[in-house]
Amino acid sequence: MRSDTFPSLADALAAGTVVLDGGMSNQLASAGHDLSDELWSARLLADRPDAVSDAHLAYFRAGADVAITASYQATFEGFGRRGISRQEAARLLALSVELGRDAVRRAREEGIARPLWVAASVGPYGAMLADGSEYRGRYGLGVDALEAFHRPRLEVLAGAAPDVFALETVPDADEAAALLRAVRGLGVPAWLSYSVAGGRTRAGQPLEEAFALAAEVDEVIAVGVNCCAPEDVPGAVEVAARVTGKPVVVYPNSGEVWDAGARAWTGPTTFGAEQVAGWRAAGARLIGGCCRVGPQGIAGIAEAV
């Protein structure tokens with residue numbers, strides 16, 4: 001449980017801008033860890049939990065106010081394929097939140113006194129499949145089936161008492177509807193963040209319709225986009241703010257493009273801290289980075305806000 005007496009994240013967003021961290025995988029890979037496994041960064045919850053805490057701390061040192069846990073790809077089904085029991089999977093899910101708290105404790109010991117929060121990452125169904133479908137959506141499952149998939153791990157994560165759920169990289173409005181049903185009654189606020197391309201979700205739905213799903217959901221304290229190109233952010237921020245009236249969350253990728261054949265990032269970086277002022281003016285209040293945005297990029301955002 002939290003020991004800090006700082007305001008809730010919702011109150012902080014009502015008062016001003018809050019800085020998110022950057023890519024967990026980016027920081028872990030920079031530290032020399034192999035993330036080629038299907039479990040991605042979630043594998044280190046079992047193999048090297050100290051590395052996860054270190055990554056969170058690096059972002060706090062850079063100026064982040066919120067640590068997003070390493071549970072994005074952590075699911076009962078994904079762990080089960082590795083021979084990990086349901087009981088152990090639940091322990092690892094809870095551990096992801098505890099490691100965020102551990103990083104907060106270590107930051108306090110270093111003299112970092114500003115408010116710090118821990119967000120429990122909840123990735124989409126496609127992240128469990130590990131076949132790229134998290135960037136397409138349209139899994140062939142209905143809302144009821146998707147809710148049944150998400151609810152058990154949400155319950156476990158809620159039991160670990162994060163400050164907020166990060167319902168992130170959601171490619172499909174149907175999955176968003178399932179997640180919004182699944183978080184009800186758990187006592188943990190949430191932000192909902194879509195992965196987008198242009199003015200639509202990755203599954204092709206108009207952003208107006210996608211964001212509208214969260215407009216009247218009390219649990220949702222922010223809506224927005226992540227894991228997208230920086231150039232897709234301004235339009236999405238405007239639509240999210242207009243449709244929902246809620247604070248907007250944005251944490252795009254660096255702008256580089258992943259070449260699956262070469263298994264490498266290519267192209268120029270198009271994300272810079274100078275873009276933050278425009279996002280804030282449009283309604284963004286929770287701002288950070290996703291893939292290929294490391295502590296240096298977060299330090300630039302923190303300085304900008």
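This is a predicted model: local features need pLDDT of at least 70, side-chain atom pairs count only at pLDDT 80 or more; totals for chains, interfaces and linings use all residues.
User: Let's take a helix. How many residues does α8 have, and what span does it reach?

Analyst: Helices are DSSP runs (H or I, at least four residues) and strands are too (E, at least two), numbered from the N terminus. The expected span of a helix is 1.5 Å times one less than its number of residues. Helix α8 (residues 143-159) has 17 residues and reaches 24 Å from first C-alpha to last, close to the 24 Å expected.

User: Where does α8 bend?

Analyst: A bend at a residue is the angle between axes fitted to the seven residues ending there and the seven starting there. In α8 the bend is about 30 degrees at Arg-151, and Pro-152 follows within four residues.

User: Which residues of α8 are buried?

Analyst: Buried means under 20% relative accessible area, exposed over 50%, and partly exposed in between (1.4 Å probe, protein chains only). In general, an α-helix has 3.6 residues a turn, so residues three or four places apart point the same way. Here the buried ones are Leu-146, Phe-149, His-150, Arg-153, Leu-154, Leu-157 and Ala-158. Ala-158 has a relative accessible area of 16%. Contact means heavy atoms within 4.5 Å; setting aside neighbours within four places in sequence, Ala-158 is in contact with Phe-165, Leu-186 and Val-188.

User: What is a nonpolar core, and which members of the largest one touch the most others?

Analyst: It is a set of buried Ala, Val, Leu, Ile, Met, Phe, Trp, Tyr and Cys residues joined through side-chain atoms within 4.5 Å. The largest here has 78 residues, and Phe-165, Leu-167, Leu-192, Tyr-194 and Val-250 touch the most other members. Helix α6 (residues 86-109) gives the largest share, eleven residues. A second, separate core of 20 residues includes Leu-9 and Leu-20.

User: How many disulfides are there?

Analyst: A disulfide is a covalent bond between the sulfur atoms of two cysteines, counted when the sulfur atoms are within 2.5 Å. A search of the whole structure finds zero. For Cys-227, the nearest cysteine sulfur, that of Cys-291, is 4.0 Å away. Cys-227 is buried, at 4% relative accessible area.

Terms used. Residues are numbered from 1 along each chain as its sequence is written. Side-chain values use heavy atoms; hydrogens and water are left out.
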